[in-house]
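Colleague: Could we go through this model together? I would like to begin with some aromatic residues and then turn to the strands and helices.
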Protein chains: 2
Amino acid sequence: ARTVKEWRSDRPHLVVAMAGLPARGKTYIARRIARYLSWMGVQNRWYNVGNHRRQVLGAGQPNEWFDPSNEEATRIRSNLALQVLDMMIDEMTNKGVEVGVFDATNTTLERRAELIRRCHEANIELLFVELICYDPEIIAHNIRETKLTSPDYFGKPADEIVHDFLLRIAHYERAYQTLTEDIPYIKYVDVGRQVVLNRIKGYLPSHICFYITHLHTTPRPLYLSRHGESEFNTREIIGGDSDLSENGRMYAQRLGKFMQLKAHRDLVCFTSTLRRTRETARLAALSSVQWAALDELNAGTCDSMTYEDIRVAYPGEYAARQQDKLRYRYPRGESYEDVIERLETVILELERSQSPVLVIGHQAVNRALLAYFRSLAVDECPILEVPLHCVIELVPKAYGCEERHYYLDRDDVENIESKLVNVVKMQGEMPITGSVNISNEL
Amino acid sequence: ARTVKEWRSDRPHLVVAMAGLPARGKTYIARRIARYLSWMGVQNRWYNVGNHRRQVLGAGQPNEWFDPSNEEATRIRSNLALQVLDMMIDEMTNKGVEVGVFDATNTTLERRAELIRRCHEANIELLFVELICYDPEIIAHNIRETKLTSPDYFGKPADEIVHDFLLRIAHYERAYQTLTEDIPYIKYVDVGRQVVLNRIKGYLPSHICFYITHLHTTPRPLYLSRHGESEFNTREIIGGDSDLSENGRMYAQRLGKFMQLKAHRDLVCFTSTLRRTRETARLAALSSVQWAALDELNAGTCDSMTYEDIRVAYPGEYAARQQDKLRYRYPRGESYEDVIERLETVILELERSQSPVLVIGHQAVNRALLAYFRSLAVDECPILEVPLHCVIELVPKAYGCEERHYYLDRDDVENIESKLVNVVKMQGEMPITGSVNISNEL
Ligand SMILES: Nc1ncnc2c1ncn2[C@@H]1O[C@H](COP(=O)(O)OP(=O)(O)OP(=O)(O)O)[C@@H](O)[C@H]1O
Ligand SMILES: Nc1ncnc2c1ncn2[C@@H]1O[C@H](COP(=O)(O)OP(=O)(O)OP(=O)(O)O)[C@@H](O)[C@H]1O
Ligand SMILES: [Mg+2]
Ligand SMILES: [Mg+2]
């Protein structure tokens, strides 16, 4: 008997190939897809042709170098792209990468035909994701948000960069052929205003499409907090459905005050169905929505025991969990993998929301959510630090999230204001990982 | 604190309006959407303009009556459509219908403009679902599958019907304007080969889109069975994770033999993660995939008790469950509603599958699945009969499922062959219901 995950990965491997002019959000979407797949436990890697060019040739090619009538440069660019392609196919064939995200412009029929040919030869399925956008304001914004810091323009003034990048785009535009091939593709037009799905089938392609349709670029923070300390927490008992301790009730009030200082007019608050999270929201004076999907990892027959109890009563179970905390499933209960599976619906709601959201969850559940926002591979999730009485603020940036931690544990309500100038931990350039050895850049 | 369901239904009500030429599958898709919504517990109703015409005028209008140059008939047809529209808006405004599925051709800009205007006035959101198909073979197949039995053609020979219906389509084609308005719509082209999503946002519209992309029209049966009788079944204990009884093991073998006689070459078998379903698959000699989403309703603190134990130990809980079996959630456990929520992913896989699937599940889980295939409102699910040692075969037909029950309980393996000529219970024209008073036809 196979697990659902094993069953799904029986299918041929998949290349998700981006397509589109520069500054259309290809890298943004490619990394989002990679993040989503990593979180679902799909071995994937992101392959960026621009980074490969800079690695091989050094950064700083002027816009003329991207002129399609510059034959020498065009030949070099094509070679670089095909090198990355071959490396990707090799890693997918021999090194366990199940999904390769091929982040390049792929704007000509000829280039795509070569891509199709090589994937077909290697028995790899192919899904194109084309990003189309002609709104000059969005493009200008994208250039400013992501190209000003590009190594291609190190030390140059902003106006000069924007000017040169617009010329680079114009060169690409001359050779650009939008997707007309009758192959599996998604066209994602004007940041999701229109989406065209062509010949999409299979679990991963259709989930990738569904995921993409939830994304938007309106900035808004997300907050993760565990419930306030519970009666069971004070006795180191796991699970259960106990009330808050005195200490926990005080945290709930501080949390309320903290959110008040943040002064979001349209804050949405999600809790689990368990008393300790609902009580936390209530004492924080937040109206909330209860999700069964946010309930704590179900410890089954070990619910309401301490870890020490478990070690003594079920030493075999205890040891099995130490061995593989991600996949270990409590008798009659859940594994981290099970929790992640049921959290997918919450992640999609968080992505979709245009309003700020505060999630009042639990240790395992918040670990799983945090792993997603940090773009971590799923195996790292069970060991993340998610302390009680700490609010984690996540602000989405171009390629990741900015992360701030507010410890509201040792202060009374009056001191919270000072917390707002807290240490910022930037997660903007977190590597996109899988269990194969993967670094941020190709 | 609201439940997720309450939170979602805070949003404005939604009209899903079909659009497209005759015999394009509008009614098929409309009823699928209604089925899906009913199962998710969304109060919805399907409004079919053709049925209203037949009710008002009687059936049997010849194709000429649909000629757009026939001004008198065009006026009548328009009035009929707007009558249904107003009735729908009235029921959505005053009678608790959250989603109205408006099943009409809506093929002209003018008609759609009126629809948009009236929904806007009533503060109702609108999503168009346009079905486009120009494959003459598919159209001919659709006519034969659904129009030969239409009351419009009662007693007519098949060839004449097909001929007249093709002329009816031709009339509509002359006036047809495909959707070009920049409003929320899905265009569903050639049975899903291409799907265009325009301005889709919000939970229901994007879930409807995702759902539709999973549908196909390749016929294949689905089978539902509970695990063989378990040790706990013999003692009337609920939940747990016990092994099969001797009786249960014998059922598993009969199930294997039964599936062998069915001789599907590409059968897929889904089980839960619990021993009794996995063991059933193993003894049936079926290789299987384990879904945590198929695990039995979790009875939380009442797990491993008999109903009598529960009544005595927790009379309050016992009574609460009797009162509202759908929404009742066991302490630390689940409600039927929770189970339905987690089964959505399985339903989508069953819809997507082009191969026959056998689900070896549990009582509550199989009830929830059966409620979907019978197009029942979700409140009927907790009382459906799903006996042990019975295989339910579901064969999708144009507007519903044909359902056969095979009782493999009292026979030994040799007698199973005779079971294959079993009673057929046709569920093809099951009403699409909600908690408002809803009948099959408008
Ligand atoms: N669907 C989209 N359409 C347009 N812009 C988007 C979209 N999604 C994200 N963005 C924005 O795109 C910017 C990131 O641009 P990105 O670097 O990904 O472009 P790119 O297409 O990879 O460019 P290049 O070809 O130079 O690598 C971000 O500011 C992000 O907000
Ligand atoms: N997306 C689709 N495209 C074409 N045919 C489809 C599609 N989905 C289902 N079908 C087929 O359509 C047939 C049902 O036709 P249906 O009665 O729904 O058409 P209709 O558009 O409602 O016609 P009418 O305008 O006469 O009411 C079924 O045989 C079904 O297999
Ligand atoms: Mg890029
Ligand atoms: Mg119809």
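Colleague: Are Trp65(B) and Phe66(B) buried or exposed?

Modeller: In this predicted model, both Trp65(B) and Phe66(B) are buried.

Colleague: How many aromatic pairs does a search of the whole structure find?

Modeller: The search finds 25 aromatic pairs over all chains. One of them joins Trp39(B) and Tyr372(B), whose ring centres are 5.8 Å apart with the planes at 75 degrees, so this pair is edge-to-face. Planes over 60 degrees apart count as edge-to-face.

Colleague: Which elements hold Trp39(B) and Tyr372(B)?

Modeller: Trp39(B) belongs to helix H2 of chain B and Tyr372(B) to helix H15 (residues 363-373) of chain B, so the pair ties together parts that are 333 residues apart in sequence. Trp39(B) and Tyr372(B) are both buried.

Colleague: And what is the geometry between Trp65(B) and Phe66(B)?

Modeller: They form an edge-to-face aromatic pair, with 5.4 Å from centre to centre and 85 degrees between the planes.

Colleague: Which residues form one aromatic cluster with Trp7(A)?

Modeller: Phe270(B) and Trp291(B) form that cluster with Trp7(A).

Colleague: Changing topic, what order do the twelve strands of the open sheet follow?

Modeller: The order is S3(A)-S4(A)-S2(A)-S5(A)-S6(A)-S7(A)-S7(B)-S6(B)-S5(B)-S2(B)-S4(B)-S3(B), with mixed pairing. Strand S3 (44-48) of chain A and strand S3 (44-48) of chain B stand at the edges; each has a single partner strand, so one side of each is left without a neighbour in the sheet. From one strand to the next, the twist averages 15 degrees.

Colleague: In what sense do S2 and S4 of chain A pair?

Modeller: Strand S2 (residues 14-19) and strand S4 (residues 99-103) of chain A pair in the parallel sense, over four bridges. Val16(A) has Val101(A) in S4(A) as its bridge partner.

Colleague: Which strands does helix H2 of chain A lie across?

Modeller: Helix H2 (residues 26-39) of chain A lies across S2, S3, S4, strand S5 (125-132) and strand S6 (185-189) of chain A, and runs at about 165 degrees to S3(A). In chain B, helix H2 (residues 26-39) packs on the sheet and touches S2, S3, S4, S5 and S6 of chain B, its direction making about 165 degrees with that of S3(B).

Colleague: Finally, where does H14(B) bend?

Modeller: H14(B) bends by about 40 degrees at Leu343(B). Its end C-alpha atoms are 24 Å apart, which agrees with the 24 Å that its 17 residues should span at 1.5 Å a residue.

Colleague: Why is H14(B) described as largely enclosed?

Modeller: Because 14 of the 17 residues of H14(B) are buried, the helix is largely enclosed by the rest of the structure.

Technical notes
Residues numbered from 1 in each chain as written. Chains lettered and ligands numbered in written order. Predicted model: local features only at pLDDT ≥ 70, side-chain atom pairs only at ≥ 80, totals over all residues. Heavy atoms only, no water. Pairing = 2+ DSSP bridges. Helix = DSSP H or I, 4+ residues; strand = E, 2+ residues; numbered from the N terminus. Axes fitted to C-alpha atoms, helices over the stretch in contact; angles between N-to-C directions. Contact = heavy atoms within 4.5 Å. Expected span 1.5 Å × (residues − 1). Bend = angle between axes of the 7 residues up to and from the residue. Buried < 20%, exposed > 50% of the residue type's maximum accessible area, 1.4 Å probe, protein only. Phe/Tyr/Trp six-rings, centres within 6.5 Å; stacked < 30°, edge-to-face > 60°.
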